[in-house]
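Biologist: I am new to this structure and would like to learn how to read it. Could you take me through it one feature at a time?

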Amino acid sequence: MRRKEARKADLSSKAQGKKPASMWRRTAAQNLFQNTTSGIFNARYRALGKIRWQSLRTKSLKVAHSKLRVVLASADSVRQSRANMEGGNA
């Protein structure tokens, strides 16, 4: 039922020329977003030519920052290993 009501609100706001409320809130940290509904932080990064979203499974900004570093380091290591394989350095 909530989805229908939210959809109607979005349609009515579009008809009035208003922007619908975003589901994601940007943070001061690059690649870190917070879901406004649940409060859970997510990482958004590019890997293998695609934009990836990964839940950090926390509502704490401090914990999200530390988990974000781990996620981005992991994505960077995948990127480097793939570049080495394609370059013949493996």
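Modeller: Let us begin with a turn: strand 2 and strand 3 form a hairpin with five residues between them, and Gly39 in that turn has a positive phi of about 85 degrees. Strands here are DSSP runs (E, at least two residues) and helices are runs of H or I of at least four residues, numbered from the N terminus. Please keep in mind that this is a predicted model, in which local features need pLDDT of at least 70 and side-chain atom pairs count only at pLDDT 80 or more, while totals for chains, interfaces and linings use all residues. Residues are numbered from 1 along each chain as its sequence is written, and side-chain values use heavy atoms, with hydrogens and water left out.

Biologist: In what order do the four strands form the open sheet?

Modeller: Two strands pair if DSSP finds at least two bridges between them. The order is 1-2-3-4, with antiparallel pairing. Strand 1 and strand 4 stand at the edges with a single partner strand each, so one side of each is left without a neighbour in the sheet.

Biologist: Which residues stand opposite Phe33, in strand 1 and in strand 3?

Modeller: Strand 1 (residues 24-26) pairs with strand 2 over three bridges, and Arg26 stands opposite Phe33. Three bridges also join strand 2 to strand 3 (residues 41-47), where Asn42 is the bridge partner of Phe33 and Phe41 that of Gln34.

Biologist: Are the residues on the two faces of strand 2 buried or exposed?

Modeller: In a regular strand the side chains alternate between the two faces of the sheet. Buried means under 20% relative accessible area, exposed means over 50%, and partly exposed lies in between, with a 1.4 Å probe and protein chains only. In strand 2, Leu32 and Gln34 on one side and Phe33 and Asn35 on the other are all buried.

Biologist: How many aromatic pairs does a search of the whole structure find?

Modeller: A pair of aromatic rings is described by the distance of the centres and the angle of the planes. Rings of Phe, Tyr and Trp (its six-membered ring) pair if their centres lie within 6.5 Å, and planes under 30 degrees apart count as stacked, over 60 as edge-to-face and the rest as tilted. The search finds two pairs. Phe33 and Trp53 form a tilted one, at 5.4 Å centre to centre and 55 degrees between the planes. Phe33 counts as buried because its relative accessibility is 7%, whereas Trp53, at 40%, counts as partly exposed.
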